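Please look over the sequence and the 3D structure shown here before reading on.

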Amino acid sequence: MMDKRQRTTMERCYLAGPMRGYPEYNFPAFFAAAKNLRARGYEVWSPAENDVHADGFDPAKDTAQPMRHYMKRDLPAVLDADFLAVLPGWEKSQGASLEVHVARICGIPVWDAVTLATIKAPLSETIAPGWIRAEERKPKLSQEVLIYHVLGDVDRAEVAHSFDV
């Protein structure tokens, strides 16, 4: 089957989707999507696979680390990607919606992981409900403040350098 998107070089894909609150942190869906995207010829960076390889994380028995632990390595991977592929339910996930938001403000395309259709949600809709309420965005949060909000109390120079904010 021909991929509907034509490419001349292997594109890097960051796979984003919901984890917390799902059985086995939704790892089976991440593994299946990564396999499918690789079969289509994409280089895939999957946070689920990375958690297993980097941390020895077992989704059947381990408890997740705080969000900051994952975002410190996931956000740079988002910025290294040619595009994001999102799993169903990404809109309700704080981590995945943040990854999509960062990709969108940095001009990185966001595609549906199954259909490869472009996700065209307005930026205001890429942050999960409850993540930052509208009244908290007055005045609007900068990229820098949004990243600090997620990562917590970190060295501002380190974040600014790492994410070019």
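The buried residues of helix 2 pack against strand 1, helix 1, strand 2 and helix 3 (67-80), where contact means heavy atoms within 4.5 Å and buried means under 20% relative accessible area, with exposed standing for over 50% and partly exposed for what lies in between (1.4 Å probe, protein chains only). Helices (H or I, at least four residues) and strands (E, at least two) are DSSP runs, numbered from the N terminus. The model is a predicted one, in which local features need pLDDT of at least 70 and side-chain atom pairs count only at pLDDT 80 or more, while totals for chains, interfaces and linings use all residues. Residues are numbered from 1 along each chain as its sequence is written, and side-chain values use heavy atoms, with hydrogens and water left out.

Helix 2 spans residues 47-55, and its buried residues are Pro-47, Ala-48, Glu-49, Asn-50 and Asp-51. After helix 2 comes Gly-56, which has a positive phi, near 70°.

Four strands build an open sheet in the order 2-1-3-4, with parallel pairing. Strand 2 and strand 4 (110-112) stand at the edges with a single partner strand each, so one side of each is left without a neighbour in the sheet. On average, and with direction ignored, neighbouring strands of this sheet are turned by 35° against each other; axes here are lines fitted to C-alpha atoms, for helices over the stretch in contact, and angles run from 0 to 180 degrees between N-to-C directions. Helix 1 packs on this sheet, where it touches strand 1, strand 2 and strand 3, and its direction makes about 160° with that of strand 1.

The pairings can be followed strand by strand, two strands being counted as paired if DSSP finds at least two bridges between them. Strand 1 (residues 12-16), of whose five residues four are buried, pairs in the parallel sense with strand 2 (residues 43-45) over three bridges, and the bridge partner of Arg-12 in strand 2 is Glu-43. Strand 1 also pairs in the parallel sense with strand 3 (residues 83-86), over four bridges, and here Ala-16 stands opposite Val-86. Strand 3 is joined in turn to strand 4 by three bridges, again in the parallel sense, with Ala-85 opposite Trp-111. Strand 1, helix 1 (residues 27-39) and strand 2 together make a right-handed β-α-β unit, right-handed meaning that, with the strands pointing away from the viewer, the path from the first strand over the helix to the second runs clockwise.

In one of them Glu-49 meets Arg-38, with the closest N and O atoms 2.7 Å apart. Since Glu-49 lies in helix 2 and Arg-38 in helix 1, the pair ties together parts that are 11 residues apart in sequence. Glu-49 counts as buried at 17% relative accessibility, whereas Arg-38, at 36%, counts as partly exposed.

Asp-51 forms a salt bridge with Arg-73, the closest N and O atoms being 2.9 Å apart, and this pair links helix 2 to helix 3 across 22 residues. Asp-51 is buried, at 4% relative accessibility, while Arg-73 is partly exposed, with a relative accessible area of 22%. The side chains of Asp-55 and Arg-73 also meet in a salt bridge, at 2.7 Å from N to O, and Asp-55 is partly exposed at 35% relative accessibility.

Conventions:
Salt bridge = Lys/Arg side-chain N within 4 Å of Asp/Glu carboxyl O.
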